[in-house]
Amino acid sequence: MDQAHRAAERVARESYGRLIALLAARTRDVAGAEDALGDAFVAALRTWPVDGVPDNPDAWLLTAARRRQTDAVRTSQTREAAKERVKLIVNVIEAMADERDAIPDRRLALMFACAHPAIDRGMRTPLILQSILGLTAEDIAAAFLVPPATMGQRLVRAKTRIRDAGIPFRVPDPEELPERLGAVLDAIYAAYTKGWNEVSEDGIPELADEAIWLSRLIVSLLPDQPEAKGLLALMLYTTARRAARHDADGTYVPLERQDTDLWEAPLIARAEKLMHQANVAGPSGRYQIEAAIQSAHVARRLTGASNGAAVVALYDHLLALTGSPVVILNRAVARSELDGPRAALADLAPLETDKRMLSYQPYWAARGHLLSAAGETASAAEALTIAIGLTTDEPVKRYLLGRLASLRSDR
């Protein structure tokens, strides 16, 4: 059973976008392709545990999905109604036949196609995450701090608008790529963040590695875009600490307690080089600033440098750029090292009435940490308990449970 589920998850991560593209090219019906592939996955999870995983799972799923497409056409009231649905992917494939070398990865080409300027800016990244990278509405909602039902409704409305407006999808020309880059980078980073806590049987977060691969392709495709290099640097800084983020028992280890000997120096060096190249190439954007923050954290741990003020200043720039509540949270944690936990808790005051924080696990974990440092044990225990309840990452849950137990033993 486990082998079948792992095989299905691997195909979903690596081939979902390609399979949707192939199915939609045949019928010109993306929504129907998604339904057919979903049914094929259900059939696989029912069949593979009994019959074994096929030698070519992709081909098995494609064949099963095409059978379901054929059945759907046969039972449809009118075949022409299905043909009139929006061509989300077919034009991309046709264009790629003539421009095979324009974008070196089919998934990446599809991502740039989904970032069409006629699509609402706020929905380009969610569409990429769902249609090409295979994330669920629930996963995407978590990344955007909105309820899953809300994100699902937005995705449906966006697809309806694409259909009704007849927005053409094709591989964009090279000069069109920069204006679409932001949505693609955001999707890659959201996928990286989602995949970071999904560890495979080999201990490798596959979706995170896939995101890094796509980011490397973008840097090679658009070498003059500083934000592309900033994003790749940001992910490499984090990935360099992969081996140190869990202890021998598999419990999460926070950055300040990690064994730096386990960090991958070549990745850090590559990230540093990318960050400096990005800073020279143009004005600082979100990913350049976030990479600089990671660089500062690395320098502090490796050299003992006291750079807390610089980190807070970087967060100030990032907050001015994004207005994100997540940045407010991270800035407060950074400030606690300079001005103490009570100053940081005061900075968190605006988030106390932000409904998005009610189910945001890092907020409660950080709040519990700061309250504990301020000596407010009862409130800290309450916040940590909420954080534990919201945690789906087992290594993080073990770490928080340990913090909670320690807090209670000190009372």
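Guide: Let us begin with a cut-off: a residue counts as buried when its relative accessible area is under 20%, as exposed when that area is over 50%, and as partly exposed in between. Please keep in mind that what you see is a predicted model.

Visitor: Why is E176 called buried?

Guide: The relative accessibility of E176 is 15%, and the cut-off for buried is under 20%, so E176 counts as buried. E176 is found in the loop between α9 (148-165) and α10, and its side chain reaches the backbone nitrogen of D173 at 2.7 Å.

Visitor: What makes P283 exposed rather than buried?

Guide: P283 has a relative accessibility of 71%; exposed means over 50%, and P283 therefore counts as exposed. This residue, P283, lies in the loop between α13 (265-281) and α14. The C-alpha atoms of P283 and P226 are separated by 7.9 Å, although the two residues are 57 residues apart along the chain.

Visitor: How do you know that the side chain of R356 makes a polar contact with that of D354?

Guide: The separation given for the two side chains is 2.9 Å, and a polar contact asks for a pair of N or O atoms within 3.5 Å, one able to donate a hydrogen and the other to accept it; the pair R356 and D354 is therefore listed as a polar contact. Leaving aside its neighbours within four places in sequence, R356 is also in contact with L145 and P325.

Visitor: What can you tell me about L145, and why does it count as buried?

Guide: L145 lies in the loop between α8 (137-144) and α9, and its relative accessibility of 16% is under the 20% limit, so L145 counts as buried. L145 also has a positive phi of about 55°, although it is not a glycine.

Visitor: Why is V146 called buried as well?

Guide: V146 has a relative accessible area of 18%, which is under 20%, so the word buried applies to V146. V146 is found in the loop between α8 and α9, and, not counting residues up to four places away in sequence, V146 touches A141, M151 and R154. The C-alpha atoms of V146 and R356, which are 210 residues apart along the chain, are separated by 6.8 Å.

Visitor: What makes Y189 and Y287 an edge-to-face pair?

Guide: The structure holds 6 aromatic pairs. In the pair of Y189 and Y287 the ring centres are 5.6 Å apart and the planes stand at 75°; rings pair if their centres lie within 6.5 Å, and planes over 60 degrees apart count as edge-to-face, so this pair is edge-to-face. Y189 lies in helix α10 (residues 177-196) and Y287 in helix α14 (residues 286-303), so the pair ties together parts that are 98 residues apart in sequence. Both Y189 and Y287 are buried, and Y189, Y192, W196 and Y287 form one aromatic cluster.

Visitor: How do you know that Y363 and W364 form an edge-to-face pair?

Guide: Their rings are 5.1 Å centre to centre, with 75° between the planes, and since the limits are within 6.5 Å for a pair and over 60 degrees for edge-to-face, Y363 and W364 form an edge-to-face aromatic pair. Y363 counts as buried at 3% relative accessibility, and W364 is buried with a relative accessible area of 16%.

Visitor: What makes helix α7 mostly covered?

Guide: In helix α7 (residues 121-131), 9 of its 11 residues are buried, among them M123, R124 and T125.

Visitor: How many helices and strands are in the chain, and what share of the residues count as buried?

Guide: There are 20 helices and 0 strands in the chain, and of its 411 residues 48% count as buried.

Definitions and conventions
Residues numbered from 1 in each chain as written. Predicted model: local features only at pLDDT ≥ 70, side-chain atom pairs only at ≥ 80, totals over all residues. Heavy atoms only, no water. Contact = heavy atoms within 4.5 Å. Buried < 20%, exposed > 50% of the residue type's maximum accessible area, 1.4 Å probe, protein only. Helix = DSSP H or I, 4+ residues; strand = E, 2+ residues; numbered from the N terminus. Phe/Tyr/Trp six-rings, centres within 6.5 Å; stacked < 30°, edge-to-face > 60°.
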